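I opened the model today to look up a few places in the fold. My entries are below, in the order I made them.

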Amino acid sequence: MTKSKTIRIITRIILISVVAIAGMIYVCNAKVVGASADRCFESIDSLPECETGVLLGTSIRGRYTDVNPYFRPRINGIFDLYRAGKIKRIYITGDSASVDYNEPRWMADTLIAEGIPAEVISLDFNGSHTLESAKHAAEFTGGQPYIVVSQRFHNERFIYMARQQGIDVWGLNCGNFMHSNILQFRQRCREALSRIKAVMLD
């Protein structure tokens with residue numbers, strides 16, 4: 001086989017692979033967005049009243065910054081839901097990888113310091129993955145409808161997973177991607193892969 005023919009074969013394989021991956025990303029993204037299109041809202045007025053609001057955990061500190069830009073919007077979102085009477089209980093699910101890293105505890109402490117009664121807050125320390133959080137939230141709520149609070153891209157994927165379990169879930173969007181262009185690109189790539197994983201696991 002000549003060198004030029006080998007190069008053509010390799011080029012075709014690469015092109016076919018790129019097209020296949022792009023197609024998979026498109027299909028999986030369409031399924032996730034389609035499942036959540038009429039259930040994600042920016043305004044609490046558009047949401048129904050539910051017994052429980054599920055707050056998806058995130059670090060109080062950013063990976064590349066002192067402050068995580070996703071933390072405060074989520075806190076404000078669940079706080080506003082509770083104060084408006086849209087929810088009666090708050091379920092915080094997130095990662096607690098070590099003594100020094102505890103997303104649910106950071107969020108609970110912040111909410112309590114700002115006036116939310118500790119007795120209405122329940123914590124799930126084993127929500128290191130979105131699918132785990134969706135399963136635990138379904139168990140906690142007994143399969144009843146609830147409102148999830150996070151950024152839009154995260155809510156869309158969470159709602160897709162929850163609806164695959166037969167649960168009615170609505171989302172309060174607290175912004176979307178909020179990094180610099182480089183970090184935003186990295187986050188979008190990560191989310192695309194996460195959506196493929198979500199669909200493949202359903």
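This is a predicted model: local features need pLDDT of at least 70, side-chain atom pairs count only at pLDDT 80 or more; totals for chains, interfaces and linings use all residues.

Entry 1, helix H3. I looked up which residues of H3, residues 103-113, are buried. I found Glu-103, Pro-104, Trp-106, Met-107, Ala-108, Thr-110 and Leu-111. I then checked what covers them, and the cover includes strands S2 (52-56), S3 (89-93) and S4 (121-124) as well as helix H2 (71-83). I also looked at both ends of the helix. At the start of H3, a side-chain oxygen of Asn-102 comes to within 3.0 Å of the backbone nitrogen of Arg-105. After H3 comes Gly-115, and I noted its positive phi, near 110°.

I placed Asn-173 in strand S6, residues 169-173. Is Asn-173 buried or exposed? I read a relative accessible area of 5%, and the cut-off for buried is under 20%, so Asn-173 counts as buried. Its side chain makes a polar contact of 3.0 Å with the side chain of Asn-155. Leaving out residues up to four places away in sequence, I listed Cys-40, Phe-41, Glu-42, Ser-150, Arg-152 and Asn-155 as touching Asn-173.

I looked up how H5 (residues 152-164) lies against H6 (residues 181-201). Their axes come within 10 Å and cross at roughly 5°. Angles under 35 degrees count as roughly parallel, so I recorded H5 and H6 as roughly parallel to each other. From H5, I noted Phe-153, Glu-156, Arg-157, Tyr-160 and Met-161 in the contact; from H6, Gln-187, Glu-191, Ser-194, Arg-195, Ala-198 and Val-199. I sorted the residues of this contact into 5 nonpolar, 2 polar and 4 charged.

Definitions and conventions
Residues are numbered from 1 along each chain as its sequence is written. Side-chain values use heavy atoms; hydrogens and water are left out. Buried means under 20% relative accessible area, exposed over 50%, partly exposed in between (1.4 Å probe, protein chains only). Helices (H or I, at least four residues) and strands (E, at least two) are DSSP runs, numbered from the N terminus. Contact means heavy atoms within 4.5 Å. A polar contact is a pair of N or O atoms within 3.5 Å; within protein, one must be able to donate a hydrogen and the other to accept it, and residues adjacent in sequence count only if both atoms are side-chain atoms. Axes are lines fitted to C-alpha atoms, for helices over the stretch in contact, and angles run from 0 to 180 degrees between N-to-C directions. Angles under 35 degrees count as roughly parallel, over 145 as roughly antiparallel, 65 to 115 as roughly perpendicular and the rest as oblique. Ala, Val, Leu, Ile, Met, Phe, Trp, Tyr, Cys and Pro count as nonpolar, Asp, Glu, Lys and Arg as charged, and the others, Gly among them, as polar.
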